[in-house]
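Me: I would like to learn how to read helix packing, cavities and peptide geometry in a model. Could you take me through them one at a time?

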Amino acid sequence: MSVWLPSAPCTPERCATPARPAAGPLRAALRLAAGLAAVLAGVALTPLAAPLAPAARHRLTRLWCRTVVRAFGVRVRVTGTPPPPGPLLVVANHVSWLDVPLVAAVLPGRMVAKKEVRHWPLLGPLAALGGTLFLDRDRLRALPGAVRSLARTLAAGHRVVVFPEGSTWCGRTHGRFRPAAFQAALDAGAPVQPVRIAYRPQGPAAFVGDDPLVASLWRIATTGRITAEIRLLAPIPYGTHPDRRALARAARAAVAGPAVTAARTTATTATTAPRRQATAPSRRTAVLPRQATTPPRQATTPPRRTAVPPRQTAAARDSANRPSSSVHHRDSSSPAAASSAVTPS
């Protein structure tokens, strides 16, 4: 494996364990058979759908993908407003192989997948027939050509669906978005549609680490009930971000949701709070020169004289945050009136 390839810390043993009682073997076998039959039906009918108009082909794709997901016992819940027709770069977090039919059931388009998917049983031929753009992740030099191919597809008016994390995560956390695909959106002048995918429960649907595809299929079929939630977030218009890295960060923040925003706010508060605490005492110590010019009663009343040293100690402790004139007032041995004539408070 190349060192530059993205990877996630998720493993099947820690992240993909079922969280609910499993279904019986007979029911699981029926689900698995129904799901595979739905996939085979799509493979057989794909050549017949090729001559259709794009709108009709998209309707059939949505219907078929919903059938596949539902056949495996997964319920789909969609929130948000679908974008209008036209070129669009759809970016989503990556949890499972179920993400592909799930996104296609809502926003059908040309998928981007690693080249190894082409050799998967059933899903590989189906992906090729569906116009998937295969990416050779082992060849870094091939990346510019892949970006140009994505840009041409977007410029032709098509949707392109990308999982920019580059690897599957269990859904409890997210990886950073790789910026290469976002360059294609900038080159083609296409907006970006962030999509957030979540599964309830989180464990069974996760397809992470070295998890075999057969084991993942059986785990999903044996789970009592899985709900797939897909949220269509606000699109990012073309031109709102200057480069692909800024665009990738904005899309990732939208997909990650409030957790990232809350973490950033906490970090910002933690860094700014010490500064406010350090500068606040200097405002209190700035009153000392004014108190020195007011009543002579301080010289005749012993309790008031004994209260001065703690304030001077506080001024000395915060001297780094005080104006130089205030420090001069504190250190001067001349009377307050003479000192004020040289350095006003």
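This is a predicted model: local features need pLDDT of at least 70, side-chain atom pairs count only at pLDDT 80 or more; totals for chains, interfaces and linings use all residues.

Me: At what angle do the axes of α6 and α7 cross?
Reply: Two packed helices are described by the angle between their axes and the distance between the axes. Here helix α6 (residues 143-155) and helix α7 (residues 180-188) cross at roughly 40°, their axes coming within 8 Å. Helices are DSSP runs of H or I with at least four residues, strands are runs of E with at least two, and both are numbered from the N terminus. Axes are lines fitted to C-alpha atoms, for helices over the stretch in contact, with angles from 0 to 180 degrees between N-to-C directions. α6 and α7 are therefore oblique to each other (under 35 degrees is roughly parallel, over 145 roughly antiparallel, 65 to 115 roughly perpendicular, the rest oblique).

Me: Which residues of α6 and α7 make the contact?
Reply: On α6 they include Leu 143, Val 147 and Leu 150, and on α7 they include Ala 180, Ala 181 and Gln 183 (contact means heavy atoms within 4.5 Å). The contact of α6 with α7 divides into eleven nonpolar residues, one polar and one charged (Ala, Val, Leu, Ile, Met, Phe, Trp, Tyr, Cys and Pro count as nonpolar, Asp, Glu, Lys and Arg as charged, the others, Gly among them, as polar).

Me: How does α7 pack with α9?
Reply: The axes of α7 and helix α9 (residues 244-256) are 8 Å apart, at an angle of about 110°. That makes α7 roughly perpendicular to α9. Phe 182, Gln 183 and Leu 186 of α7 meet Arg 244, Leu 247, Ala 248 and Ala 251 of α9.

Me: How many cavities of 30 Å³ or more does a search of the whole structure find?
Reply: The search finds one (on a 1 Å grid over the protein atoms alone, a cavity is a set of points where a 1.4 Å probe fits but cannot get out; lining residues have an atom within 4 Å of a point). The largest cavity has a volume of about 40 Å³ (the space filled by probe spheres set on the points, with grid points joined across faces, edges and corners). Its lining includes Leu 186 and Leu 247.

Me: Where is the cis peptide bond?
Reply: Most peptide bonds are trans. A cis bond joins Arg 200 and Pro 201, with omega about -5°. Pro 201 is in the loop between β6 (192-200) and α8 (213-222).

Note on methods. Residues are numbered from 1 along each chain as its sequence is written. Side-chain values use heavy atoms; hydrogens and water are left out. On a 1 Å grid over the protein atoms alone, a cavity is a set of points where a 1.4 Å probe fits but cannot get out, and a pocket is an open set with protein on both sides within 12 Å along at least five of seven lines; lining residues have an atom within 4 Å of a point.
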